[in-house]
Amino acid sequence: MARYTGINHLAMVTGDMDGTIRFWRDLLGMRLVVGLGRPGYRHYFFEIAENDMIAFFEWDGVEPLDEKDHGFPVRGKVAFDHIAFGVAAEDDLWELKDKLEAADVWCSEVVDHGFIHSIYAFDPNNIPIEFSAPVPGVDIRKTPVMTDTKPSAEARKGPDPRPGVWPEVTAPTPEEDKAVYEGEGHKIVEALEKLGQGE
């Protein structure tokens, strides 16, 4: 069985890489661990956690999405590109490729991206998916790499979050104002309680 390690990276799209870097690196504190690019194209990766990243393509002419509430359907402009699932080793890629092809599901050849090897396919909903295995000895989290031939101004400032880009918090939320508003979490708690796993 393939050994999944989580979401390798979510691949999104932006028309403003510098603004994206300032938000994800400097505001949210995610390191910029790799930047690929050439004129008219960029693909930058931010570290979410030890095994998880979010990546952004930058293409000319991309416009921001219209604002929409989380979880509500929308038509028109979209930011989603593909989901990449991490697997433990290259053998897992070949196992998945064989399974997909045996099921008559289109699957790409294995592609060498330098720090990962990947295969590409589509789910039954035509959601584009990627499976990525790490390349032994290549760790972009330990040693970030920028191969973009014309890195954006913010990317040239380095991979680590920069203090002072955003205003400091001067009025943290007082303890008495900290409230968690009800979502649908109670359904999960209730289900766990029925299974005897609740507190």
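**Exercise 1.** Is R3 buried or exposed, or does R3 fall in between?

*Solution.* The model is predicted, local features need pLDDT of at least 70, side-chain atom pairs count only at pLDDT 80 or more, and totals for chains, interfaces and linings use all residues. Residues are numbered from 1 along each chain as its sequence is written, and side-chain values use heavy atoms, with hydrogens and water left out.

Step 1. Take the cut-offs: buried means under 20% relative accessible area, exposed over 50%, and partly exposed in between (1.4 Å probe, protein chains only).
Step 2. R3 has a relative accessible area of 48%, so R3 is partly exposed.

**Exercise 2.** Describe the salt bridge of R3 and the parts of the chain that the pair ties together.

*Solution.* Step 1. A salt bridge is a side-chain nitrogen of Lys or Arg within 4 Å of a carboxyl oxygen of Asp or Glu.
Step 2. The partner of R3 is D92, with the closest N and O atoms 3.2 Å apart.
Step 3. R3 lies in the segment before β1 and D92 in helix α2 (residues 90-102), so the pair ties together parts that are 89 residues apart in sequence. Helices (H or I, at least four residues) and strands (E, at least two) are DSSP runs, numbered from the N terminus.
Step 4. D92 has a relative accessibility of 3% and therefore counts as buried.

**Exercise 3.** Which residue forms a salt bridge with R42, and where do the two residues lie?

*Solution.* Step 1. R42 pairs with E58, and their closest N and O atoms are 2.5 Å apart.
Step 2. This pair links distant parts of the chain, with R42 in strand β3 (residues 41-49) and E58 in strand β4, 16 residues apart.
Step 3. R42 counts as buried because its relative accessibility is 16%. E58, at 14%, counts as buried too.
Step 4. The structure holds 16 salt bridges.

**Exercise 4.** Find the salt bridge between R31 and D160, and state how exposed each residue is.

*Solution.* Step 1. The closest N and O atoms of R31 and D160 are 3.0 Å apart.
Step 2. R31 sits in the loop between α1 (17-27) and β2 (32-38), and D160 in the loop between β9 and α3, 129 residues apart.
Step 3. R31 is partly exposed at 21% relative accessibility. D160 is partly exposed as well, with a relative accessible area of 40%.

**Exercise 5.** What lines the second largest pocket?

*Solution.* Step 1. On a 1 Å grid over the protein atoms alone, a pocket is an open set of points where a 1.4 Å probe fits, with protein on both sides within 12 Å along at least five of seven lines; lining residues have an atom within 4 Å of a point.
Step 2. The volume of the second largest pocket is about 290 Å³, where grid points are joined across faces, edges and corners, and a volume is the space filled by probe spheres set on the points.
Step 3. The lining has 16 residues, and the closest to the pocket centre are N8, E50, N51, P134 and R141.
Step 4. At least two lining residues come from each of β1 (4-14), β5 (80-87) and β8 (128-134). The largest share, 3 residues, is from β8.

**Exercise 6.** How many helices and strands does the protein chain have, and what pattern do they follow?

*Solution.* Step 1. The protein chain has 3 helices and 9 strands.
Step 2. Along the sequence, the pattern is β-α-β-β-β-β-α-β-β-β-β-α.
Step 3. Of the 199 residues of the protein chain, 33% count as buried.
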